[in-house]
Amino acid sequence: MAAETPLGAASPFDMRVGLGADIPERTVREALASGDMGFLHSYTTGSTVDGPGVRVVAWTTGCMWRCRYCHNPDTWTVTNGIPVSLVRAADELRKYRHGLQAMAGGFTLSGGEPLMQHRFAARLLAAARGMGIHTTMETNGHYGDRLSDDEIRTIDLVMLGLKTWDPARHRDLTGRDVGPTLEFARRLAGLRRPMWIRFVLVPGLTDDPDDMARSAAFAASLGTVERVEVLPFHQMGKFKWERLGLAYALSEVEPPTAEQTERACAVWRAAGLYAS
Ligand code: SF4
């Protein structure tokens, strides 16, 4: 039974499809509305790249964007994930509570896009905070308006994906407008919430220096961005596009070189931000 599927995965690059497909549509709708149940690709433990310190990461399923360079397209569909009660998800996290506190780490909710399941996301993050665990949410920010200010305050750090400044390019890259992401960033800044910016460097798609400089100027203007992570594009998700029968336009794109990545970091640093 899908409900008994182990939550653990060696990495988010494990392919997971249809694990919640047996759940009736009405139950899915009710779960999304209440947050009593969520859909997770997996939990991974011991991550050192998804926020400060050592992290337990819950990867949600569901995303409203269709980034051309997404490396986990199996997470686009909510019901590809494992149906997990909020109680089970919190219990899983509780197992690691003392270790995470000892290692100055915490819990990261990522995806997919966590705010596709905004009630579940808000309640699980609040549960983590209630256990004394540092909380991080990685998000594209598109549905940021679905969280109340109080819910936002239960999130110690938001890792916000910023793809491009240019509206037309953003729509071409993701299928959606950049406006809601920028609006969420401004709101986070207004609430004085710490932010890390995540920027995926894709040669020929996101590496325009002027475009990066505009994104950097915006990020710097917020006043609460602690760091910028420039993430070199890679091809580790290519097999998922192929197995899902999706047209993948980036087959021939090479990952950026170390020099290209460093040049991109320099653009963000020129705006006064810490970038690596
Ligand atoms: S926002 Fe993230 S999960 Fe969604 S399509 Fe883009 S890269 Fe994939």
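In which hand does helix 8 pass helix 10? I looked this up and found a right-handed crossing; a crossing counts as right-handed if the near helix is turned clockwise from the far one by less than a right angle, and as left-handed if anticlockwise.

**Ground rules.** I am working on a predicted model, where local features need pLDDT of at least 70, side-chain atom pairs count only at pLDDT 80 or more, and totals for chains, interfaces and linings use all residues. I number residues from 1 along each chain as its sequence is written, and side-chain values use heavy atoms, with hydrogens and water left out. Helices (H or I, at least four residues) and strands (E, at least two) are DSSP runs, numbered from the N terminus.

**Helix 8 and helix 10.** I took helix 8 as residues 209-222 and helix 10 as residues 258-270; their axes come within 8 Å and cross at roughly 40°. The axes are lines fitted to C-alpha atoms, for helices over the stretch in contact, with angles from 0 to 180 degrees between N-to-C directions. The two helices are therefore oblique to each other; under 35 degrees would be roughly parallel, over 145 roughly antiparallel, 65 to 115 roughly perpendicular, and the rest is oblique.

I then listed the contact (heavy atoms within 4.5 Å). Helix 8 brings Pro209, Met212, Ala213, Ser215, Ala216 and Ala219, and helix 10 brings Ala264, Val267 and Trp268. The residues of this contact divide into 8 nonpolar, 1 polar and no charged. For these classes, Ala, Val, Leu, Ile, Met, Phe, Trp, Tyr, Cys and Pro are nonpolar, Asp, Glu, Lys and Arg are charged, and the others, Gly among them, are polar.

I checked Ala213 of helix 8 separately. Ala213 is partly exposed at 34% relative accessible area; buried means under 20%, exposed over 50%, and partly exposed in between (1.4 Å probe, protein chains only). Its C-alpha atom is separated by 17 Å from that of Ala168, 45 residues apart along the chain.

**Aromatic pairs.** My search of the whole structure gave 5 aromatic pairs. Rings of Phe, Tyr and Trp (its six-membered ring) pair if their centres lie within 6.5 Å; planes under 30 degrees apart are stacked, over 60 edge-to-face, and the rest tilted. Tyr43 and Phe107 are stacked, at 6.5 Å centre to centre and 25° between the planes. Tyr43 lies in strand 1 (residues 37-47) and Phe107 in strand 4 (residues 106-110), so this pair ties together parts 64 residues apart in sequence. Tyr43 is buried at 3% relative accessibility, and Phe107 is buried at 0%.

I also looked at Trp241 and Tyr248, whose ring centres are 5.0 Å apart with planes at 40°, so the pair is tilted. Both Trp241 and Tyr248 are buried. Together with Trp76, these two form one aromatic cluster.

**Backbone exceptions.** Most residues other than glycine have a negative phi, and most peptide bonds are trans. I noted a cis peptide bond between Gly111 and Gly112, with omega about 20°. Gly112 sits in the loop between strand 4 and helix 4 (118-130).

Arg192 lies in the loop between helix 7 (179-190) and strand 7 (195-201) and is exposed at 55%.
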